[in-house]
Amino acid sequence: MVVAQRKHEYYALEDAQNEQIKKQPSSAQKRQKMRAGHKLQIIFSVMIVASLCVAILLGYVSLTETKYRVHALETEIKQLEGQIENYRVQAETFKKSTVVEERAIAELGMQYPSKSQMVFLNIENPDIMGVEETKEVMQEVAAEKDHSMIAGVKDTFYKIYSLLD
């Protein structure tokens with residue numbers, strides 16, 4: 001009977017161990033439960049890291065586009081500054097009297113006035129010279145012009161010609 005009792009105890013112990021094993025989840029079950037929660041954590045972590053990477057890349061893209069626009073504007077500024085300098089040089093050449101004189105003669109057909117076209121005025125100090133003397137001088141000049149009819153016509157022609165120039 002002792003052997004039977006030992007055998008019975010052995011089987012009872014074995015049954016108790018089997019029940020404990022059944023009550024405790026197996027390591028594979030623990031792994032599966034942990035893996036499901038762990039998998040969600042990993043997926044969320046990967047999604048957060050991926051979204052951060054995409055955000056950083058988008059930041060670099062916008063930065064690169066801005067640098068490209070700045071470079072294009074700097075190039076345009078340099079071109080415009082070159083054009084301004086060219087216009088300044090052209091303006092300086094137009095300001096020179098020799099260039100103006102040559103263009104007036106060549107393109108417009110202008111010429112220097114002859115002695116007969118020039119009128120010289122002799123203005124003396126009006127305080128020294130009296131009003132009566134001035135009238136006399138003007139009458140003398142008028143008398144000289146009246147001497148010849150041709151001189152008057154010629155004078156009128158020169159005046160009209162000088163107005164047209």
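**View 1. K95 and E92 join their side chains in a salt bridge, with 3.8 Å from N to O.** In this legend and those that follow, a salt bridge means a side-chain nitrogen of Lys or Arg within 4 Å of a carboxyl oxygen of Asp or Glu. K95 and E92 sit three residues apart in helix α2, so about one helical turn separates them. Helices here are DSSP runs (H or I, at least four residues), numbered from the N terminus. K95 is exposed at 62% relative accessibility, while E92 is partly exposed at 45%. Exposed means over 50% relative accessible area, buried under 20%, and partly exposed in between (1.4 Å probe, protein chains only).

The model is predicted, so local features need pLDDT of at least 70 and side-chain atom pairs count only at pLDDT 80 or more, whereas totals for chains, interfaces and linings use all residues. Residues are numbered from 1 along each chain as its sequence is written, and side-chain values use heavy atoms, leaving out hydrogens and water.

**View 2. R88 and E85 also meet through their side chains in a salt bridge, at 3.8 Å from N to O.** Look for this pair in helix α2 (residues 27-95), where R88 and E85 are three residues apart, about one helical turn. R88 is exposed, with a relative accessible area of 53%, and E85 is partly exposed at 42%.

**View 3. In helix α3 (residues 97-108), R103 and E107 are four residues apart.** Their side chains form a salt bridge of 3.3 Å, N to O. About one helical turn lies between R103 and E107. Here R103 is partly exposed at 38% relative accessibility, and E107 is exposed at 56%.

Terms used. Helices (H or I, at least four residues) and strands (E, at least two) are DSSP runs, numbered from the N terminus.
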